[in-house]
Amino acid sequence: MSEQIYYLTTPIYYINDVPHLGHAYTTVAGDFLTRFRRLQGRDVHFLTGTDEHGQKVLRSAEAKGIAPKAWADQIVPRWKEVWDALDVAYDDFVRTTEERHEGPVQAFMSALHERDEIYQGTYEGLYCVGCEEFKQPDDLVDGKCPLHGTEPEVVKEENYFFRLSKYAQPLIDLYESEPSRLLPEARRNEVLGKLRQGLDDLSISRVSFDWGIPIPWDSKHVIYVWIDALLNYITAVGYDSEEETFERIWPASVQLVGKDILWFHAVIWPAMLMALELPLPETIFAHGFLQVGGEKMSKSKLTGISPHDLLDTFGSDGFRYYFMREISFGQDGNFSWESVVARYNSDLANDFGNLASRVLSMISKYLEGEIPSPPSEDELHPGDRELHDVQRKALEEMIDAVDAISPTEALKAAWASVRRANAYVEEVTPWALAKDEAQRRRLEVVLYNLADALRLLSLMTWPIVPKAATELWRRLGLEGQIQERELATDGRWGLLPAGARVETGAPLWPRIEDETS
Ligand code: MSP
């Protein structure tokens, strides 16, 4: 049997507005993880998309005086454009207003109905449109939703309900017996704690507006936007439309979500799948929140920052590297302009960028730009072996970190080897060797070691800084595309072909002066 596809999903984003840094954070993490898996030779499917139904989107379209579908059609290209600018290489982009989604959602609902998982009742309670969620009084702070700072609306409606309550125990059993289904551990414990208090059935339809997918057997109801949205993860890979594709791709390997929407993903989503006896996602991973000045970032707090504000200065590589390296994946973290400048200058411009320019310019100056022949075993000094070892270890650590969904740890490992290579340059002082004709072969050996270290680094860092890694690969005179390579074979030492011609060029990451300081 062929190896299971690495299927990774991001949440699908509400299109009431354009993307902000928080949305980009989840998506970039997904892109890093999937690019790394691609380099490991895995078959990958990376899905993102937009969540277009519900009151939140309806109201923002109404406020602009346009029909919600027309609004969606107008704004979706702006989301795609940000993902392109960030070099996000998704395989598919699903919109919940597409037919391929709407039909299968109705089929799913009918199947639940036939199995008596749905019944009719009356809901009376509080609803936060910002969260698109019913709230209990003790979810509120001073009568307001803590996430949106608004008072929830009072709703009394005839609704259809999903028998969520009967899944509390099966979910507890699931997370207790298979802890890797829900990560990080602290979040799993929170979810388990709430599950142990029991679950209420869930209202899954609305009658007071019609921007949604109709309940197939009772079209005055539309399906609750969260139920509609969660189903994107299976409708986009062929549920109820292309059975073979569905069998091949589902279940997801990793579903990335922010901690604010963990309950939907860790409780409601698996319960829906259990109700139809469908396979469950292998891992749901909740990351933390980006904060600005210690506060959650949101447009309403006027701190919503567009990814373009950063892209213009730091480029997509700088953006991607900063967020994955600085804000530990899984925890909350503070974003500040100063810290982006600091990270960019120290890790990219100085550590990696300078290493690349120094090595390439020394090869061009001392060896006429030609890669020498690889050293034989007995030509290697202990320091050379150490450089190899550090890099081999860094690659192993990266693989373990990606397995553990820790982009931050993966980057720490890669940069340990960047630093080792810089220290090696200082230790072997090629400029001194170049002055002594008797040391010619030693000079070739150390520059070969460094050039090959750069080749490995361009492979290791392509998932996070694809633009610069690709350029470095080209400057090393290497042929083909990095994405056609595989870590298991190309990740070994000494594969840089002798005779290749290197090129020097502008800094990979020009230093940035911080105008704010
Ligand atoms: N449409 C729902 C998801 C449906 S998935 C079946 C939704 N959309 S959202 O646009 O509001 O948020 C999408 C993601 O962005 C969530 O994972 C959320 O955690 C993330 N972020 C929004 N603001 C964020 C920060 N300030 N920091 C980090 N991530 C944040 O929820």
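A: The expected span of a helix is 1.5 Å times one less than its number of residues. Apply that to α14, which runs over residues 407–428 and has 22 residues. The rule gives 32 Å, and the end C-alpha atoms are 32 Å apart, so the two values agree. Just after α14, Thr 429 takes a positive phi of about 35°. Keep in mind that this is a predicted model.

A few other backbone details can be checked. Asp 116 is not a glycine, yet its phi is positive, near 60°. Asp 116 sits in the loop between α4 (99–114) and β4 (118–128). There is a cis peptide bond from Leu 183 to Pro 184, with omega near -5°. Pro 184 belongs to the loop between β7 (182–183) and α6 (185–196). Another cis bond leads from Trp 250 to Pro 251, with omega near 10°. Pro 251 lies in the loop that links α9 (243–249) to β12.

Now the ligand. There are 23 residues around the ligand. Those that come nearest are Ile 12, Asp 51, Gly 258, Asp 260 and Leu 290.

Asp 260 places a polar side-chain atom 2.5 Å from an oxygen atom of the ligand. His 23 also uses its side chain: one of its polar atoms is 3.3 Å from a ligand oxygen. Gly 22 uses its backbone instead, with a polar atom 3.4 Å from a ligand nitrogen. How much of the ligand does the protein bury? Alone, the ligand exposes 670 Å², and 95% of that is buried by the protein.

Several elements build the shell. Those that give two or more residues are β1 (6–14), α1 (21–39), α7 (225–230), α8 (232–235) and β12 (254–258). The largest share comes from β1, with four residues. By class, the shell counts 13 nonpolar, eight polar and two charged residues.

A search of the whole structure gives two cavities of 30 Å³ or more.

Last, an open site. The second largest pocket has a volume of about 230 Å³. Two elements each give two or more residues to its lining: α13 (382–403) and α18 (487–490). Six lining residues come from α13, the largest share. Among the residues that line this pocket are Gln 40, His 388, Asp 389, Arg 392, Glu 396, Leu 487, Ala 488, Arg 492 and Trp 493. By class, the pocket lining has five nonpolar, three polar and four charged residues.

How values were computed: Residues are numbered from 1 along each chain as its sequence is written. This is a predicted model: local features need pLDDT of at least 70, side-chain atom pairs count only at pLDDT 80 or more; totals for chains, interfaces and linings use all residues. Side-chain values use heavy atoms; hydrogens and water are left out. On a 1 Å grid over the protein atoms alone, a cavity is a set of points where a 1.4 Å probe fits but cannot get out, and a pocket is an open set with protein on both sides within 12 Å along at least five of seven lines; lining residues have an atom within 4 Å of a point. Grid points are joined across faces, edges and corners, and a volume is the space filled by probe spheres set on the points. Ala, Val, Leu, Ile, Met, Phe, Trp, Tyr, Cys and Pro count as nonpolar, Asp, Glu, Lys and Arg as charged, and the others, Gly among them, as polar. A residue is near a molecule or strand if one of its heavy atoms lies within 4 Å of it. A polar contact is a pair of N or O atoms within 3.5 Å; within protein, one must be able to donate a hydrogen and the other to accept it, and residues adjacent in sequence count only if both atoms are side-chain atoms. Accessible areas come from the Shrake-Rupley method with a 1.4 Å probe; for residues, only the protein chains shown count as cover.
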